[in-house]
Amino acid sequence: MKVRKAVIPAAGLGTRFLPATKAMPKEMLPIVDTPTIQYIIQEAIDSGIEEILIITGKSKRAIEDHFDRNVELELELEKKANEELLKVVRDITDLVDIHYIRQKEAKGLGHAIYCAKTFVGNEPFAVMLGDDVVYTEDTPCLKQMIECYDEYKTSVLGVQTVKDEDVCKYGIVDGKRVSDRVYTVKGLVEKPAVDEAPSNVAILGRYIINPGIFDILAETKPGKGGEIQLTDALKELALKEDMYAYDFIGKRYDVGNKQGFLEATVETALRRSDLRDEFLSYLVGVVEKEVGALAEVAAGREE
């Protein structure tokens with residue numbers, strides 16, 4: 001069955017970006033001039049997704065407004081004959097068929113996905129976490145995974161290898177490599193200690209899941225942090241049917257933390273022809289100044 005639908009959980013409070021996220025959803029924080037969530041939705045569209053469900057929460061209205069029509073803005077741009085910006089604004093509205101549902105209680109990622117049960121129905125579906133932006137030069141990350149799903153006809157987890165010291169930050173795959181980029185999944189461990197991790201193959205914010213996950217989520221008890229963990233449900237699903245992990249090609253940014261967000265912003269700007277030259281010149285100047293200051297400090301210590 002074709003993967004037509006994607007679910008984007010966007011109900012988190014974004015506490016790591018306070019005070020900016022006190023009144024603004026973290027998913028609306030811009031990478032250069034485009035909200036984070038729009039990059040993710042564009043990836044879904046470029047991968048052939050036809051319908052998207054965004055799981056929202058309190059104070060997330062700005063997401064709905066962003067993808068809705070803004071007649072007043074369009075009229076103003078028409079009045080000023082700004083055809084370029086007018087096209088940008090209208091194109092956002094026409095991207096894809098987007099639905100919304102609110103997660104009324106913060107019960108974890110597993111619960112957020114369970115809220116999509118009616119939307120998904122009896123189809124395989126994609127899950128795209130809002131904290132993970134993936135840049136690819138060619139085939140979008142999700143499309144790579146859909147191609148893997150089309151081959152194996154079962155759930156696929158998007159993974160990449162991480163440093164050993166970072167395994168405690170992710171869900172880690174316990175499995176065996178079966179091809180250049182594909183692993184079987186025998187088990188999953190949520191944020192293990194380094195000496196307890198079965199591998200350094202980490203799940204990084206992209207999933208294609210069979211609908212059998214909903215029956216499991218309905219019975220899944222709260223795990224770490226008192227929340228219903230998607231990893232726990234996927235672990236159970238892997239016992240019932242085959243599951244694979246796909247090592248996708250692309251640069252993944254964890255925009256849920258400040259370092260990852262800054263890296264995404266800088267590198268996105270450097271990829272844009274309208275910004276690259278002037279911005280790169282600025283960055284070189286900043287780096288030269290900082291290196292000079294460090295050299296002066298080092299020289300002073302030697303004296």
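Start by selecting strands β1 (residues 5-9) and β6: they run parallel and are joined by three bridges. Helices (H or I, at least four residues) and strands (E, at least two) are DSSP runs, numbered from the N terminus, and two strands pair if DSSP finds at least two bridges between them. Before going on, a word on the model: it is predicted, so local features need pLDDT of at least 70 and side-chain atom pairs count only at pLDDT 80 or more, while totals for chains, interfaces and linings use all residues. Residues are numbered from 1 along each chain as its sequence is written, and side-chain values use heavy atoms, with hydrogens and water left out.

**Stop 1: β6 and its neighbours**

Click on Val-127 in β6, and you'll find Val-7 opposite. On β11, Tyr-207 is the bridge partner of Val-127. That belongs to the pairing of β6 with strand β11 (residues 201-209), which is antiparallel and has four bridges.

Now show the side chains of β6 (residues 125-128). Which way do they point? Phe-125 and Val-127 go one way, Ala-126 and Met-128 the other, and all are buried; buried means under 20% relative accessible area, exposed over 50%, partly exposed in between (1.4 Å probe, protein chains only). In a regular strand, side chains alternate between the two faces of the sheet.

**Stop 2: the β9-β10 hairpin**

Next, select β9 (residues 171-177) and β10 (residues 182-190), an antiparallel pair joined by seven bridges. They make a hairpin, with four residues between them.

Color β10 by accessibility and you'll see a mostly covered strand, with seven of its nine residues buried.

**Stop 3: helix α7**

Jump to α7 (residues 141-152), a helix of twelve residues. From first C-alpha to last it reaches 17 Å, close to the 16 Å expected at 1.5 Å a residue; the expected span is 1.5 Å times one less than the number of residues. Its buried residues are Cys-141, Leu-142, Gln-144, Met-145, Ile-146, Cys-148 and Tyr-149.

**Stop 4: Ala-62**

Now pick Ala-62, in helix α2 (residues 61-66). Buried or partly exposed? Ala-62 counts as partly exposed because its relative accessibility is 32%. Leaving out residues up to four places away in sequence, Ala-62 touches Pro-25 and Met-28, where contact means heavy atoms within 4.5 Å. Met-28 is 34 residues from Ala-62 in sequence, yet their C-alphas are 7.6 Å apart.

**Stop 5: the cavity**

Last, select Phe-17, Lys-26, Glu-27, Leu-29, Thr-36, Gly-130, Asp-131, Val-255, Gly-256 and Phe-261, which line the largest cavity. On a 1 Å grid over the protein atoms alone, a cavity is a set of points where a 1.4 Å probe fits but cannot get out, and lining residues have an atom within 4 Å of a point. The lining has four nonpolar, three polar and three charged residues, with Gly counted as polar. This cavity holds about 60 Å³ of space.

How values were computed. On a 1 Å grid over the protein atoms alone, a cavity is a set of points where a 1.4 Å probe fits but cannot get out, and a pocket is an open set with protein on both sides within 12 Å along at least five of seven lines; lining residues have an atom within 4 Å of a point. Grid points are joined across faces, edges and corners, and a volume is the space filled by probe spheres set on the points.
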